[in-house]
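Take a look at the model shown here. The walk-through follows below.

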Amino acid sequence: MSLNMSLNTLLQHLTNGVSLGSLYALIAIGYTMVYGILRLINFAHGDIFMMATYFAFFSVATFALPWYLAFLVAIILTGLLGMTVERAAYRPLRNAPKISILISAIGVAYLLENLAIVVFGGRPKAFPAVDLFMDVVRIGDVAVQILTFVIPVVTLAILFILLYLINHTKTGIAMRAVARDHETASLMGIDVNRTISLTFGIGSILAAVGGIMWGLKFPQISPLMGVIPGLKCFIAAVLGGIGNITGAVIGGFILGIGEILLVAFFPALTGYRDAFAFILLILILLFKPTGIMGEKISEKV
Amino acid sequence: MKKSIILILIFILVSALVLSSCARPADEGGAGQTPAADVIKIGVFEPITGANAAGGALEVEGVELANSLYPEVLGKKVQLVIVDNKSDKVEAASAAARLVEKEKVVAIIGSWGSSFSMAAGDIVRNAKVPAVAASATNPLVTKGNDYYFRVCFIDPFQGTVMANYAFNTLGAKKAAIIQEVSSDYAVGLAKFFTDSFKGLGGEISGVSNYNTGDQDFTAQLTNISATKPDVIFAPGNFTESALLIKQAKQLGIKIPIIGGDTWETPEFIDIGKDAVEGTVLSSFSTPEKSTTEEAAKFLNAYTSKYNRSPAAVTALSYDAYIMILDAITRAGSLDTQKIRDELAKSANFSGASGIISLDSNGDAVRSADIKIVKNGKFEFLQTIEPTR
């Protein structure tokens with residue numbers, strides 16, 4: 001049944017893949033941006049993403065805000081959460097070895113997960129649906145949810161805004177300077193703490209946008225929902241070349257489409273869907289550690 | 001670059017740890033308290049967190065309700081020790097071990113999810129502590145284990161019920177299976193459904209798998225619908241199933257999707273919303289339709305406490321508790337072997353879910369109810385009596 005599938009089925013699979021891939025891409029952008037500026041793998045990214053979905057959930061369910069306001073509130077709160085995490089868990093370790101910050105990030109991830117279990121409970125909740133995005137249009141025999149068009153547009157819009165921000169604004173120049181060498185940057189009059197805090201704020205806002213889109217597509221939220229998407233998107237970021245924002249988008253699409261096609265063409269391997277992602281990660285690290293778009297950067301001191 | 005590769009490798013190792021253990025402290029009670037000598041401990045072993053948390057919560061409601069109505073046995077207070085098996089097979093074994101070794105419980109109730117009960121099987125057998133599952137339906141839970149009992153039916157029966165429903169009521173000749181391949185419950189039920197459906201003269205057009213925790217089922221659904229089945233049987237966890245049915249609707253799949261008892265949780269409807277309307281599932285009893293005295297008592301207490309109608313598994317876990325109390329009363333001692341022997345003799349026991357008799361395997365022989373999701377509620381459709 002795998003090889004003689006009809007054109008329609010194949011097109012449906014590809015549509016499904018693009019839909020999932022753009023979601024991965026969106027979250028991977030946040031991962032890669034923080035890494036690009038700080039050379040820190042923000043292990044807590046997936047959990048910040050999870051918190052964002054709960055913020056959105058409670059804004060709608062408890063405070064009865066309309067969805068656009070609720071999502072805005074969730075995005076702002078998540079940005080603040082990211083900056084708080086940075087101040088509490090990463091800033092005190094600014095001059096410590098990189099590994100300490102990594103461990104601290106893992107600690108934050110556990111903290112957020114458990115906090116969510118205690119505060120929100122272990123039972124899954126239904127993410128508020130926005131009818132506008134839920135409708136399905138049919139192109140020939142291929143069914144496409146409106147959301148499937150929205151997510152890539154959001155992803156690409158964010159990609160271009162970020163590229164502009166980083167390459168053409170003063171804040172962006174400061175970020176790049178901090179990325180290169182934060183001590184020298186501070187000698188040049190750049191407020192390093194503020195720049196890093198801002199980077200985290202933006203990274204978390206990206207996680208929030210990703211979380212909201214994820215929630216709309218898979219309307220079920222639970223305290224551990226961020227773990228697997230976090231890992232998958234990390235893989236997408238590495239695949240594209242960690243630190244490179246365009247690469248993250250490409251990596252996200254490759255991973256999403258790859259996963260769907262794996263299940264589509266090799267149904268027997270469905271159980272290994274997650275394993276596929278990790279095998280891909282290992283292969284990339286072995287043969288092209290800089291990823292698809294990765295720059296050849298020499299080790300900085 | 002080398003340094004960052006090392007960092008990345010460390011990250012992977014750590015993630016592997018996180019994924020495999022999901023180690024979180026989740027003491028729900030009991031542990032840490034010093035029990036008075038006149039307290040009888042009963043262990044409750046359920047998924048409180050993780051993918052199956054809603055199912056566990058429904059069963060804990062039932063046990064706690066029963067405990068509040070029947071707080072004493074043999075003149076001593078019953079203390080519930082609730083442990084979280086975290087919806088994880090490895091955690092399930094250690095949670096059960098903690099109950100028998102550290103907490104020294106005289107009996108165990110649980111777990112929602114056959115896989116977790118099976119993981120605890122050896123532990124309760126070696127410790128000779130009886131366990132009563134409320135809703136674990138895989139036959140292997142009690143098979144070959146003298147210490148595991150259950151108050152629900154088993155999957156060979158449930159599979160037959162749904163195969164009959166698909167073949168006779170829906171008139172389906174071709175069925176497709178989408179199963180949660182990491183769940184013993186789903187795989188077992190899918191197998192029994194397949195056997196019965198083929199036995200009736202039907203054909204299975206395709207089988208697709210997914211893992212617990214998966215959120216995207218579009219590839220499986222696209223493949224399955226290409227095989228043009230008349231019905232899709234999709235046994236699995238409630239959240240995954242709700243998302244699956246939702247995505248099927250979004251893909252324009254109009255084939256009826258039917259499933260098993262695990263779907264009967266409020267979350268299935270919360271998450272599935274309109275998409276799960278009209279979905280048919282097999283379940284245990286319908287508490288509202290039970291005629292026993294205990295059922296009236298249970299319904300009264302439940303609705304006044306929670307202000308909604310109870311799920312079947314809540315009535316079952318309630319029954320597991322009162323059945324254990326009944327066995328302890330008859331045994332007249334806290335000797336776990338004696339309690340086990342009395343439990344095995346349970347017959348014509350009048351519970352909230354109906355009359356329960358255990359067969360020689362320790363399984364309850366009882367009818368199944370087919371239910372349909374209608375106006376955001378699980379509604380009774382018909383009762384199927386056991387053929388044995």
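**Chain contact, domains and a helix pair**

In this predicted model, 43 residues of chain B are in contact with 42 residues of chain A (C-beta atoms, placed from the backbone, within 7 Å). Helix 1 of chain B supplies the largest share of chain B's side, nine residues. Helices (H or I, at least four residues) and strands (E, at least two) are DSSP runs, numbered from the N terminus. By class, this side of chain B has 20 nonpolar, 17 polar and six charged residues. Ala, Val, Leu, Ile, Met, Phe, Trp, Tyr, Cys and Pro count as nonpolar, Asp, Glu, Lys and Arg as charged, and the others, Gly among them, as polar.

Residues are numbered from 1 along each chain as its sequence is written, and chains are lettered from A and ligands numbered from 1 in the order in which they are written. Because the model is predicted, local features need pLDDT of at least 70, side-chain atom pairs count only at pLDDT 80 or more, and totals for chains, interfaces and linings use all residues.

Chain B splits into domain 1 (39-153 + 290-357) and domain 2 (155-283 + 370-384), with bounds from an automatic or database domain assignment. Their contact takes 17 residues from domain 1 of chain B and 19 from domain 2 of chain B. Domain 1's side has nine nonpolar, eight polar and no charged residues.

Now turn to chain A. A:Val85, A:Ala89 and A:Tyr90 in helix 3 meet A:Ile101, A:Ser104, A:Gly107 and A:Val108 in helix 4. That contact has five nonpolar, two polar and no charged residues.

How values were computed
Contact = placed C-beta atoms within 7 Å.
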